[in-house]
Protein chains: 2
Amino acid sequence: MAPMSTSSLDPAIAARLKRSADGLVPAIAQQYDTGEVLMLGWMDDEALHRTLTTGRCTYWSRSRREYWVKGDTSGHVQHVKSVALDCDGDTLLVKVDQVGAACHTGDRTCFDADVLPLAEQAGRVPPHGS
Amino acid sequence: MAPMSTSSLDPAIAARLKRSADGLVPAIAQQYDTGEVLMLGWMDDEALHRTLTTGRCTYWSRSRREYWVKGDTSGHVQHVKSVALDCDGDTLLVKVDQVGAACHTGDRTCFDADVLPLAEQAGRVPPHGS
């Protein structure tokens, strides 16, 4: 079930969205100037509408089952700079200006703490153009 | 159903993964040096194992229902530089060296073509530190 059955999202945008079975689309939050990938959240139509119209990144919390304006409790808000839909219509890229830490652990991004080991033969990257 | 019921993925990593109902985890591919977010794909345990051990980014194609070594048909391969799991264990960030276009449309990234309009009051980002 989608969190909301109706939304104020522009119908022309809504028509291009390909949602998961639960009515959601993954949204990648990226720091607009440094390029850091901060986190991945989920949006339904209404969360996307609010993100596009309020200037504050708004997600649907799958665990709490409620809208979640990033930073409302932590102060670590995400000011929206741009939003793009991918070629398949099933992923959003939101460029933001992140205040403070994006991660609830206090880390700057949600990807800072758990880098997985590569096998020895992996990670040998040839120079560009080869 | 997960695409494969068994995988060679390190059990210590597999134990930290939180998968969707269909056994998958979203994987964000980012160009390691420029920071461009290239695309989002999906990995099951075996695709992650292959990504960590072969040096080539490998996804599970939900539409074709098969493993997909990025670039095998297009030549636009992704050489793996690093892989990180997020704080919740439900998203992967794969830093890669992308050869050519990441998008099947020929665009460099899958997010180049469809930038959504922000409402006028959105997008007003105060300077850092305010």
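The entries below go from salt bridges to a helix and then to the annotated cysteines.

**Entry 1, salt bridges between chains.** I note at the outset that I am working with a predicted model. Counting over all chains, I find 14 salt bridges in the structure. I looked up A:Arg62 and B:Asp90, whose side chains form a salt bridge with an N to O distance of 3.3 Å. This pair crosses between chains, since I find A:Arg62 in the loop between β3 (58-61) and β4 (66-69) of chain A and B:Asp90 in the loop between β5 (78-85) and β6 (92-98) of chain B. For accessibility I read A:Arg62 as partly exposed at 39%, whereas B:Asp90 is buried, with a relative accessible area of 17%.

I then turned to B:Arg16 and A:Asp114, which meet in a salt bridge at 2.9 Å, N to O. Here too the pair runs from one chain to another, with B:Arg16 in the loop between α1 (11-14) and β1 (25-31) of chain B and A:Asp114 in strand β7 (residues 114-116) of chain A. B:Arg16 is partly exposed, with a relative accessible area of 36%, while A:Asp114 has 18% relative accessibility and counts as buried because the cut-off for buried is under 20%.

I looked up B:Asp72 and B:Arg56, which form a salt bridge whose closest N and O atoms are 3.0 Å apart. B:Asp72 sits in the loop between β4 (66-69) and β5 of chain B, and B:Arg56 in the loop between α2 (45-54) and β3 (58-61) of that chain, so the pair ties together parts that are 16 residues apart in sequence. I read B:Asp72 as exposed, with a relative accessible area of 55%, and B:Arg56 as partly exposed, at 22%.

The buried residues of α2(B) are B:Asp45, B:Glu46, B:Ala47, B:Leu48, B:His49, B:Thr51 and B:Leu52. Just after α2(B), I noted that B:Gly55 takes a positive phi of about 80 degrees.

From the unreviewed UniProt entry I took the annotation "binding site", which covers A:Cys87, A:Cys103 and A:Cys110. These positions span 24 residues in sequence, and their farthest two C-alpha atoms are 27.9 Å apart, so they do not all gather at one spot.

I located A:Cys87 in the loop between β5 (78-85) and β6 (92-98) of chain A, and I read this cysteine as partly exposed, with a relative accessible area of 33%. Which residues does A:Cys87 contact, leaving aside its neighbours within four places in sequence? I find contacts of A:Cys87 with B:Cys103, B:His104, B:Thr105 and B:Cys110.

A:Cys103 is found in the loop between β6 and β7 of chain A, and A:Cys103 is buried, with a relative accessible area of 4%. Again leaving aside neighbours within four places in sequence, I list the contacts of A:Cys103 as A:Arg108, A:Thr109, A:Cys110 and B:Cys87.

Terms used: Residues are numbered from 1 along each chain as its sequence is written. Chains are lettered from A and ligands numbered from 1 in the order in which they are written. This is a predicted model: local features need pLDDT of at least 70, side-chain atom pairs count only at pLDDT 80 or more; totals for chains, interfaces and linings use all residues. Side-chain values use heavy atoms; hydrogens and water are left out. A salt bridge is a side-chain nitrogen of Lys or Arg within 4 Å of a carboxyl oxygen of Asp or Glu. Helices (H or I, at least four residues) and strands (E, at least two) are DSSP runs, numbered from the N terminus. Buried means under 20% relative accessible area, exposed over 50%, partly exposed in between (1.4 Å probe, protein chains only). UniProt positions are given in the numbering used here, feature names are shortened, and annotations may be inferred rather than shown by experiment. Contact means heavy atoms within 4.5 Å.
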